[in-house]
Amino acid sequence: MEPDSASAVAARLGGTGYLCDDALATVTFLALKMQRPLLLEGEPGTGKTALAEAIAESMDLPLVRLQCYEGIVATHALYVWDFPRQILHLRALEATGRVDPELLPEAEKSLYDERFLLARPVLDALQRSPALLLVDEIDRADDEFEAFLLEVLSTYQVTIPELGTVKATTPPIVVLTSNRTRDLHDALKRRCLYHWIDHPGLDREVEILRSRAPEVSASLARQVVTAVQQLRSRDDLLKAPGVAETLDWARALQALGASELDLAVASRTLGALVKYREDTDRVKQALDRMLAT
Amino acid sequence: MTAVRHEADEILLGFARALRAAGVAVTQDRAQGFVEAVSLLGLDDRRGTYWSGRATLCAGPDDLERYDQVFEAWFNARDGLPRSRPADAATPVVSNFPDEENDLSLDADEGDSDVIRVAASATEILRRRDVASMTSSEKARLNAMFAALRPRVPVRRTARQQSWRRGNVDASRTLRQSLRQLGEPAEIAWRRRGLKPRRVVLLVDVSGSMSGYADALLRLAHRVSTGSMTGHGSTTGRTSVEVFTVGTRLTRVTRAMRLRDPERAIVAAGETVPDWSGGTRLGETLRIFMDRWGARGLARGAVVVVFSDGWERGDPALLGEQMARLQRVAHRVVWVNPHRGKVGYEPVQQGVLAALPHCDDFLAGHSLATFAEVVEVIGRA
């Protein structure tokens, strides 16, 4: 069931095609063992969301995802009552003539039945637990939502006034990701294990590329990763390419049938790697120099 | 056995304490989490200790560098442990000397504003006086007058709707109301798109050439951070004002600026900012701001105010490029220049020339009266 060491975690994740270094494996292991939420920060495209998916897959747990956005409120995360269906139910009771005064409390009670409850991700995860709850891009949500989340994550229970308290039998594994568009509140951070995911090194990235996109040949993979790593070390790019971009680019090259990285095919597929016009020019020049030697 | 364990706890908690002394905000529960994590991995696992400490004691990339240093010092050898990326490697700390010549010409400029004698109240005079030319007692009086500024929060429409007297039909509220009456059709509820406070980002130049204004500008920033009122009844949520200082490096002083008391806020900011009265590399620091904060979302749709005189020591072309980037992301870019309001001022500094095409507003900011204008422009944006 649960892996009992950091290396076991790494092996499990490796089995799903997610390669992680021992830092990430250690932190993941601790998060599972200490039952603490795992807060992942890092550049976009370093595999924060992918880690959550890999954990869920490796432990055979359902993945419940809560994508945060500006203006998200507790009802979006917890539950709503299905009003139209409640009304239909009421009308049906009326039509069958079952609403006589004595039975009124019962009819009322039947309105707040669990079948009229639409569970949103957090409640869903608590009900289905053991599960993995992924709170994606928490930095996009507002402060108030963070406070709400803090409350849920400290007790793993939710109270619905009409129904009672829903408590997870085993607390779900919680993974939060953030792109650092704003600082999270300390109280929330304190509750979590924190890990900053960096871009992987050359060999690690080649491995990732080979395992995620096995159709790409070994020599092309190495060429692509070498080029990307060199680009990443420059500091004049508006947005340095992440691992996700490396994968995209390699797949694009493969789709065009390229067996080697050359300038012509590289410049045609550059759209998969860089997403700014200013960057495109710089990358073209850099590739020019790189591939000439 | 127990003696050994006791000792290990002591070492670990001592490490947490050393880390706190080094400036990482380690709390009691964090330290306990650390001990728990290490005991799970085993005490002999050096790398495990390193990673579990990093996960339990650190709260952000800024902490990682300090953590590494303290870890190295406390547990002696690193044994080939990976080194965290320095939090701000791209920012060499270069403290240029303040530009004496420019400073002198500035003083000469202000000579005549000293001799203004108008038959108005002392307060009114202070309101219009250049803050750089004030004596310390005048400054003390002026500081109290900052409280009279009434910053308003700029607002924007949200995607979410809120109930209102008219607008679109709010189907679910209407249904809910009718449900309350056992399904009888009830009054129709309406809604419209809500209003939310827009984010405000203030970038304050604290380089040598701005040293006469930095204090007053930070006070203004503090006033905007803490005193902003929502002028609209239907706005929800707190205002978020982010304050950064720029110079040779970029420093986030938002936390300091949230302290209620202005004096304490200024002192706290002074402790955070390492490059008071240094040189100006505006383009470079702006690039770091855009990379680390702005483009990720902090400046997106925000009102960004840059307080600077535009005396750029670096490459003006870089400044222009970064300002263009900023303008593409932000809702409105306002440039506040303390020298703008002076007689005979022409925007000739290379930095200003490069930045000006990418600003929506170009305002003066050398006296309380002009600060009030700035506050007004922010509120209307």
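Modeller: Let's start with a word we'll need: two residues are in contact if their C-beta atoms, placed from the backbone, lie within 7 Å. Keep in mind that this is a predicted model, where local features need pLDDT of at least 70, side-chain atom pairs count only at pLDDT 80 or more, and totals for chains, interfaces and linings use all residues. Residues are numbered from 1 along each chain as its sequence is written, while chains are lettered from A and ligands numbered from 1 in the order in which they are written.

Now for the touching part. Chain A puts 30 residues into the contact and chain B puts in 34. On chain A's side, at least two residues each come from helix H2 (22–34), helix H5 (83–95), helix H9 (186–191) and strand E9 (193–197). Those labels are DSSP runs numbered from the N terminus: helices are H or I with at least four residues, strands are E with at least two. H2(A) gives the most to that side, with seven residues. Sorted by type, chain A's side has 12 nonpolar, six polar and 12 charged residues. Here Ala, Val, Leu, Ile, Met, Phe, Trp, Tyr, Cys and Pro count as nonpolar, Asp, Glu, Lys and Arg as charged, and the others, Gly among them, as polar.

Staying in chain A, have a look at helix H10 (residues 202–212) and helix H11 (residues 218–233), whose axes come within 9 Å and cross at roughly 130°. That makes H10(A) oblique to H11(A); under 35 degrees would be roughly parallel, over 145 roughly antiparallel, 65 to 115 roughly perpendicular, and the rest is oblique. Axes are lines fitted to C-alpha atoms, for helices over the stretch in contact, with angles from 0 to 180 degrees between N-to-C directions. Among the H10(A) residues meeting H11(A) are Leu202(A) and Val206(A). The residues of this helix contact divide into six nonpolar, two polar and three charged.

Over in chain B there are 15 helices and nine strands. Three strands make an open sheet in the order E1-E3-E2, with antiparallel pairing; strands pair if DSSP finds at least two bridges between them. E1 (155–164) and E2 (168–169) of chain B sit at the edges with a single partner strand each, so one side of each has no neighbour in the sheet. Seven bridges join E1(B) to E3(B) (residues 190–197), and Gln161(B) stands opposite Arg193(B) in E3(B).
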